[in-house]
Amino acid sequence: MESSSLRPKDVALLLLASGDLLPRQRARDQQSDIHGNALKSSILNELIVLDPDPEQVEATLEHIVEQLGPPTGPTRAVAVSVLEEWRAACASPAFVDWLLAQAVHEGLEPTGGRRGRKNRQTAESPEPGTA
């Protein structure tokens, strides 16, 4: 997918499908992870529904924060991370390719055996914002 034809909706769909919102395997209470992932999922789903033009992403995310209401601090923080991922996707086709590969991988995983995503970064995964 060329970055010139990339839409915020496309990146949101890839982020949702990539398995990024699966809980990591940790030996601790994951309630905050679960709530944070649910918040990110809500923001991404709303971004998909609104389908803004690329130059309107930041304003749309601000609208989503206001729409979801108080407390706005956590919502704003997650919206900023979504904005950073959007910018990384625009700057790095390799990041988009990696998200797509993760989405395909998640789609191929058997549903019964998954206990969550491991807390590690693979050698193939690029850092957001790098080419």
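This is a predicted model: local features need pLDDT of at least 70, side-chain atom pairs count only at pLDDT 80 or more; totals for chains, interfaces and linings use all residues.

Reader: Which residues make the contact between helix 2 and helix 4, and how do they divide by class?

Author: Helix 2 contributes Leu 39, Lys 40, Ile 43, Leu 44 and Leu 47, while helix 4 contributes Pro 74, Thr 75, Val 78, Ala 79, Val 82 and Glu 85. By class, there are 8 nonpolar, 1 polar and 2 charged residues in this contact.

Reader: What makes helix 4 and helix 5 roughly perpendicular?

Author: The angle between helix 4 and helix 5 is about 110°, and their axes are 5 Å apart. The range for roughly perpendicular is 65 to 115 degrees, and helix 4 and helix 5 are therefore placed in that class. Glu 85, Ala 88, Ala 89 and Ala 91 of helix 4 meet Pro 93, Phe 95 and Val 96 of helix 5. This contact has 6 nonpolar residues, no polar ones and 1 charged.

Reader: How do you know that Asp 51 forms a salt bridge with Arg 7?

Author: The closest N and O atoms of the pair are 3.2 Å apart. The cut-off is a separation within 4 Å, so the pair qualifies as a salt bridge. Asp 51 is in the loop between helix 2 and helix 3, and Arg 7 is in the segment before helix 1 (8–17), so that the pair links distant parts of the chain, 44 residues apart. The whole structure has 4 salt bridges.

Reader: What is noted about the phi of Asp 51?

Author: Asp 51 has a positive phi, about 45°, although it is not a glycine.

Reader: Which peptide bond is cis?

Author: The bond joining Pro 70 and Pro 71 is cis, with omega about -5°. Pro 71 lies in the loop between helix 3 and helix 4.

Reader: How confident is the predictor in the chain and its elements?

Author: The chain averages a pLDDT of 80, and 71% of the residues score at least 70. Over residues 112–125 the pLDDT is below 50.

Methods. Residues are numbered from 1 along each chain as its sequence is written. Side-chain values use heavy atoms; hydrogens and water are left out. pLDDT is the predictor's confidence in each residue, from 0 to 100. Contact means heavy atoms within 4.5 Å. Helices (H or I, at least four residues) and strands (E, at least two) are DSSP runs, numbered from the N terminus. Ala, Val, Leu, Ile, Met, Phe, Trp, Tyr, Cys and Pro count as nonpolar, Asp, Glu, Lys and Arg as charged, and the others, Gly among them, as polar. A salt bridge is a side-chain nitrogen of Lys or Arg within 4 Å of a carboxyl oxygen of Asp or Glu. Axes are lines fitted to C-alpha atoms, for helices over the stretch in contact, and angles run from 0 to 180 degrees between N-to-C directions. Angles under 35 degrees count as roughly parallel, over 145 as roughly antiparallel, 65 to 115 as roughly perpendicular and the rest as oblique.
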